[in-house]
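Subject: Structure for you to look at

Dear colleague,

Please find below the structure I promised to hand over, followed by my notes on it. I would be glad if you read them with the model open beside you.

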Amino acid sequence: MMKATLITRCLMFAGLVSSLPAAHASGTWFEARNDAMGGTGVASSKYGAAPLLNPALLTKSEPGDNLSIILPTVGAQVSDPDNLQDGFDNVKHAWDNLENASGTGNSASSATELRKSLTDISGHSGRADAGAGVVIAVPNDTLPFALVIKGWGQAKARAEVSNSDLAYLDAAGAGLVQPDETALNSLSSRAEGVAALVSEYGIAMAHHFMLGGIPVSVGITPKFQRVDTWNYNVAINNYSTSDFRSGDWKRSESGANVDLGFSADLTPEWTIALAGQNLVARSVDTREVNDLQDNFKIRPQATAGTAWSNGLVTFAADVDMTPASGFTSDEKRQYAGVGAELNAWSWAQLRAGYRADMRNSDNNVVTAGIGISPFDVVHLDLTGMAGTDRTYGAVAQLAVTF
């Protein structure tokens with residue numbers, strides 16, 4: 001069973017070493033096939049991945065399918081335009097040099113070095129999305145169902161440098177003051193970061209029927225949802241990704257939520273679909289630290305999708321009708337994606353796509369991936385993503401079908 005601590009480490013590593021997306025896409029899932037196809041999947045997902053995006057697609061199994069297990073899917077996307085972690089490391093190194101030089105009369109150059117390091121990092125930020133999931137799907141003609149366990153989250157870090165610190169270091173560099181331990185401990189520049197991890201445990205179900213001669217499916221996923229938030233705020237020389245996970249910065253809330261899905265096969269090849277995730281809006285405050293507090297909003301999210309597939313080639317497109325979940329301190333994100341897959345006799349797959357943020361709040365990314373599926377039983381899928389401003393991501397997934 002997927003442990004929350006494992007997801008947390010994945011999130012913190014991806015999110016707070018460089019920083020965090022939307023990840024990925026809409027932020028609530030990572031799935032290698034769909035991510036490689038531009039973050040689509042509302043109409044094009046295989047039945048085994050359907051509970052992650054659109055439970056209605058659980059009815060899309062093939063004759064002879066008895067079970068699908070994703071164990072697991074793991075992904076992360078990092079955007080670090082300012083090389084933030086190196087900046088924090090430079091500040092710490094320069095700070096230590098100044099501490100060691102304090103009281104020796106040779107601190108001017110060290111003060112100048114620290115001022116430069118602080119100036120270089122001032123206002124810089126980074127962000128990341130990460131997620132993991134396990135799905136066990138059981139197809140049948142009456143009521144296909146699935147157990148879905150997933151964790152998804154966001155994190156961001158930022159350097160806040162005070163003008164008073166720069167003025168003090170200017171004076172120290174000019175020899176007007178001699179730095180000591182008390183003065184250095186009084187500097188007010190901060191490293192700030194917030195993160196949210198959402199852990200979900202649900203049962204997805206779907207039903208297939210005819211409506212006006214058109215095959216239609218509906219699905220629902222009632223789920224238990226836990227939201228952990230972190231509000232990290234320390235002196236800029238004390239920034240540490242390992243400390244970020246400490247309970248000193250953490251606050252948690254739990255509750256229920258639900259996903260809904262709909263799909264219709266207008267022709268044997270052409271599907272349209274609509275998915276609604278997290279229909280119960282939630283607002284979770286972070287812990288207040290040094291008079292600073294943020295809020296993570298789980299927003300009801302509707303996504304429309306369409307897909308065309310003849311078994312050999314698949315084309316897909318998704319459009320978010322509402323903004324993605326996120327912190328209130330962030331600009332809202334809302335995505336559109338397109339993608340395609342070439343399937344070679346169900347033994348190997350090539351995929352590519354493109355995902356754009358329609359609100360211009362996040363970086364657009366190009367996506368690509370491969371799948372290896374011997375005998376159409378064991379499925380190994382790998383995906384890579386790349387975008388502007390040092391944005392990179394990867395997803396790895398192992399699945400079996402019987």
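**Notes on the model**

The loop between β8 and β9 is where D291 is found, where helices (H or I, at least four residues) and strands (E, at least two) are DSSP runs numbered from the N terminus. D291 is not a glycine, yet it has a positive phi of about 65 degrees.

Before going further, please note that this is a predicted model, in which local features need pLDDT of at least 70 and side-chain atom pairs count only at pLDDT 80 or more, while totals for chains, interfaces and linings use all residues. Residues are numbered from 1 along each chain as its sequence is written, and side-chain values use heavy atoms, with hydrogens and water left out.

As for the chain as a whole, its secondary structure comes to eight helices and 17 strands. Its radius of gyration is 24 Å, close to the 21 Å that the globule rule gives for 402 residues, so the chain is as compact as a globular protein of that length; the radius is taken over C-alpha atoms, and the rule is 2.2 Å times the number of residues to the power 0.38. Along the principal axes, the C-alpha atoms fill a box of roughly 85 × 40 × 35 Å.

Turning to the helices, α4 (residues 84–101) and α5 pack with their axes 8 Å apart and at an angle of about 160 degrees, where axes are lines fitted to C-alpha atoms, for helices over the stretch in contact, and angles run from 0 to 180 degrees between N-to-C directions. The two helices α4 and α5 are therefore roughly antiparallel to each other, a term for angles over 145 degrees, whereas those under 35 count as roughly parallel, 65 to 115 as roughly perpendicular and the rest as oblique. The contact (heavy atoms within 4.5 Å) includes F88, W95 and L98 of α4 and L114, L118 and I121 of α5. Its residues divide into 11 nonpolar, six polar and one charged, with Ala, Val, Leu, Ile, Met, Phe, Trp, Tyr, Cys and Pro counted as nonpolar, Asp, Glu, Lys and Arg as charged, and the others, Gly among them, as polar.

Helix α5 (residues 108–121) also meets helix α6 (residues 163–173), their axes coming within 7 Å and crossing at roughly 150 degrees, and α5 and α6 are therefore roughly antiparallel to each other. Among the residues making this contact are L114, R115 and L118 of α5, together with L166, L169 and D170 of α6, and the whole set divides into seven nonpolar, three polar and two charged.

Among the strands, β13 (residues 335–344) and β14 (residues 348–357) pair in the antiparallel sense over 10 bridges, pairing being assigned if DSSP finds at least two bridges between two strands. The hairpin of β13 and β14 has three residues between the strands, and there W345 takes a positive phi near 55 degrees. On its other pairing, β14 is joined by eight bridges to the antiparallel strand β15 (residues 365–372). R351 of β14 is the bridge partner of E341, and R351 has G369 as its bridge partner in β15.

An open sheet of three strands, paired antiparallel, has the order β8-β9-β12. The edges are held by β8 (282–285) and β12 (326–327), each with a single partner strand, so one side of each is left without a neighbour in the sheet.

Lastly, the peptide bond from L71 to P72 is cis, with omega near -10 degrees, and P72 lies in strand β1 (residues 68–79).
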